Amino acid sequence: MSSLKFTPRKSEERGHADHGWLKTFHTFSAGPYQDHKHKLFGPLRIINEDRVAPRTGFGFHSHREFEIFSYVISGELEHKDSMGNTEILKRGDVQLTSAGTGISHSEKAHGGDEVHFLQIWSLPATARLQPKYFTRHFTDEEKTDKWAKVVAPVWADGVKDTREGEGPAPVQSALTLYASILGTGKALSKPLEGKKAYVQVIQTSGYNDRQASGASVKFSTKGGDEVELREGDGAYVDVRKEGAILEVENVGDRAAELLVFDLE
């Protein structure tokens, strides 16, 4: 039996909406898009790939009992919240809001360019926490042909519960997020510690609401299952054996930016 089992989540099968000011893809059920087969995976609840037009965005709205983080791909994202935080986030920034008992915030495109980012939600392991806000920055160099650990459980070794600083952003969930920019012909391995994982190839070659194109990445495990994904595609990963190793190879004609969620 293969130590990993992949179930593709094709880009064109994601929930999708074009509101003019917002172009969005939903990996999981969100808003008007509801699919009982894609509601939750471990603590992972939302992966929205959003493109927000200049000088528009999400006005003030409230959340509670979610861990909410933004992974900025291009453009600038203006964040404001009820805790008094105001920040302009750029490529490489990861912003995490631990909503806890409740916060309000807005997320808007800053400046004259569209902002492209992933909005990710997870379920906290503990309820009724005090709301907190964190930011981290990771350069392209830190991710090129290597893994950058950008989010990790607050209780994990080496994770700092500080508003800013080095290392991964601290999340109140059993979730570790790795990012990489993998060059053509390059390969990486990632031992998985959780019971499941989710992989996502980011749509960096431009907006595409049809069949996925652009960069191509093969995910596999030695002597077992494999899947080839393109930009916008993702896959659920069932970890069937302890010590399983995820093999990742760029088999396309351009660099690929990708995420690996290691989940309990």
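Predicted model: local features only at pLDDT ≥ 70, side-chain atom pairs only at ≥ 80, totals over all residues.
**Reading strands and buried charges**

Modeller: Glutamate 78 lies in strand S7.

Colleague: Is glutamate 78 buried or exposed, and how far away is the nearest side chain of opposite charge?

Modeller: One reads burial from relative accessible area, with buried meaning under 20%. Glutamate 78 is buried, and the nearest side chain of opposite charge, that of lysine 80, is 4.3 Å away. A salt bridge requires a side-chain nitrogen within 4 Å of a carboxyl oxygen, and therefore glutamate 78 has none.

Colleague: Which residues is glutamate 78 in contact with, leaving aside its neighbours within four places in sequence?

Modeller: They are Glu87, Ile88, Ser106, Glu107, Lys108 and His110.

Colleague: How many bridges join strand S7 to S8, and do the two run parallel or antiparallel?

Modeller: Strand S7 covers residues 77-81 and is joined to S8 by 4 bridges, in an antiparallel arrangement. Leucine 77 faces leucine 89 of S8 across this pairing. The two strands form a hairpin, with 4 residues between them. In that turn, glycine 84 has a positive phi of about 95 degrees.

Colleague: Which side chains along strand S8 point to one face, and which to the other?

Modeller: The side chains of S8, residues 86-89, alternate.

Colleague: Where is arginine 45 found, and what is the nearest side chain of opposite charge to it?

Modeller: Arginine 45 is part of strand S4, which spans residues 44-52. Arginine 45 is buried without a salt bridge, and the nearest side chain of opposite charge, aspartate 35, is 11 Å away. The arginine 45 side chain does reach the backbone oxygen of lysine 39, at 3.2 Å. Beyond four places in sequence, arginine 45 touches several residues, among them Phe28, Phe66 and Trp121.

Colleague: What feature does UniProt place at residues 12-121?

Modeller: The unreviewed UniProt entry gives "domain: Pirin N-terminal" for that range. In the model, residues 12-121 are 0% helix and 56% strand, with the end C-alpha atoms 21 Å apart.

Definitions and conventions:
Residues numbered from 1 in each chain as written. Heavy atoms only, no water. Buried < 20%, exposed > 50% of the residue type's maximum accessible area, 1.4 Å probe, protein only. Lys, Arg positive; Asp, Glu negative; His and termini not counted. Polar contact = N/O pair within 3.5 Å; in protein donor to acceptor, adjacent residues only side chain to side chain. Contact = heavy atoms within 4.5 Å. UniProt positions renumbered as here; feature names shortened; annotations may be inferred. Pairing = 2+ DSSP bridges.
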